[in-house]
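I opened this notebook to keep track of what I looked up. The entries follow the order in which I went.

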Amino acid sequence: MQKHKQTQLSQPERQAPQYISTVQAPLYRASTIIFPNCKSFTDRHWSDAYDYSYGTHGTPTTYSLADQIATIEGADHCLLAPSGLSAIHLINSALLNTGDEVWIPDNVYGPTHDDVMELQKKYAINVKVYDPTQVETIQFGEQAKLIWIEAAGSVTLEFPDLIAIMQKAQQHQVLTALDNTWGAGLAFCAFDFGTEHYAVDISVHALTKYPSGGGDILMGSICTKNRALHLNLLRTHALQGIAISGDDAAQINRSLPSMVIRYQQHQNNTLKIIDFLKTRTEFAQILHPSLPVHTGHQYWKNICSSGLGAGLVSAIFHTNFDLQAIQKFCDQLQYFHLGFSWGGPTSLIMYYDLSKMRHYRTPHLSSGWLVRFCIGLEQAEDLIADLEQALDTLQHS
Ligand SMILES: Cc1ncc(COP(=O)(O)O)c(C=O)c1O
């Protein structure tokens, strides 16, 4: 058949031969996926991960990433979402119905709190907050459906008694969803921890942080072991048209081989920063699970026997440092930049007023402004010099 230039441009002939082998999974960009014949079209099934039928369903690039994340997490199934928060929302919207009770820890990632509160307003879902340092505050009702867990918790990094939470949830047949962004599948295995080999039902992970490692890509994952639960979540994933771009998946695929090394290096730097922060009189309290005085340190030690504890550390200033002083400190820093997120190469700082953030009293925390440092991959000595010069300017104000 004769082919006009316009047809040639619309239907290029060259396809990669089957035998070509590359280090990284090839990048597929697809909305349409062409069926080889009518039989493969009629045989397609939405629940089959290798049934390529449309871009929203997935491509070899996105499935390659999903498989790798499932491996890191020790799970059997993985779904990808365009951000960590969209993965969290997908779980809430797939599992919660009117009248159901959902439990969140007091130190939960702020937007997770906002998401369930919105569901409460719209669909009469019953939101309950528990104190992650006092498991007795979890009192499941008849309609309890789902409990969110963070280990360590956001901003203040308390490490909860994971095993006690699991036992309670299992007794009441409540689904457990761990936001595993901090542990990243490396500090401990969400599907096999403790001597009794506990496994959460769902592990959600903001791949935006350590898996991406670049501070430039947003993505989330939802890992499970139970196939029925996975299919339930996959159904919502498909119905909501949740899809990720092949380009973004390829970028994260490329970052994964260095993830373990980066995570360890973030931690090495963090431990050096902690040693420095401890020498400064400006701080009333340093918050990091590896510190013996930290709330939940013993639970961290038992669960994270790897000794890993990520690259976040928070510090609470003495109350004589007011908002103006904190802002001066943040603005004075040269290598720490004011911004949200973590897990990238660049060190970040953010300040918080704890008095506006908690439902329960927090006797384990000092009063005063809290700054959270996200430690990057710079040379630790440079970061310390930067902190030192910025703290010194506070002495002269
Ligand atoms: C603990 C935790 N979970 C989830 C998220 C959400 O991830 P994303 O930024 O990809 O929406 C974040 C983001 O900061 C986080 O800190």
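**Entry on a helix.** I began with helix 11 (residues 323–332), which lies across strand 9 (312–317), strand 10, strand 11 and strand 12 (370–374). Helix 11 runs at about 175° to strand 11. Axes here are lines fitted to C-alpha atoms, for helices over the stretch in contact, and angles run from 0 to 180 degrees between N-to-C directions. Contact means heavy atoms within 4.5 Å. Helices (H or I, at least four residues) and strands (E, at least two) are DSSP runs, numbered from the N terminus.

**Entry on the source.** I noted that this is a predicted model, in which local features need pLDDT of at least 70, side-chain atom pairs count only at pLDDT 80 or more, and totals for chains, interfaces and linings use all residues. Residues are numbered from 1 along each chain as its sequence is written, and side-chain values use heavy atoms, leaving out hydrogens and water.

Next I looked up an open sheet of 5 strands, with the order 8-9-12-11-10 and mixed pairing. Strand 8 (283–287) and strand 10 (337–338) each have a single partner strand, so one side of each is left without a neighbour in the sheet. Strand 10 pairs with strand 11 (residues 348–352) in the parallel sense over 2 bridges. Two strands pair if DSSP finds at least two bridges between them. I found I349 of strand 11 as the bridge partner of L338.

**Entry on E282.** E282 sits in the loop between helix 9 (259–278) and strand 8. Is E282 buried or exposed? Its relative accessible area is 1%, so E282 is buried (under 20%; exposed is over 50%, partly exposed in between; 1.4 Å probe, protein chains only). Leaving aside residues up to four places away in sequence, E282 touches I316, F317, H318, F321, L391 and Q395. The side chains of E282 and Q395 make a polar contact at 2.6 Å. A polar contact is a pair of N or O atoms within 3.5 Å; within protein, one must be able to donate a hydrogen and the other to accept it, and residues adjacent in sequence count only if both atoms are side-chain atoms.

**Entry on K209.** I placed K209 in the loop between strand 6 (202–206) and strand 7 (220–224). K209 counts as buried because its relative accessibility is 13%. An oxygen atom of the ligand is 2.7 Å from an N or O atom in the K209 side chain.
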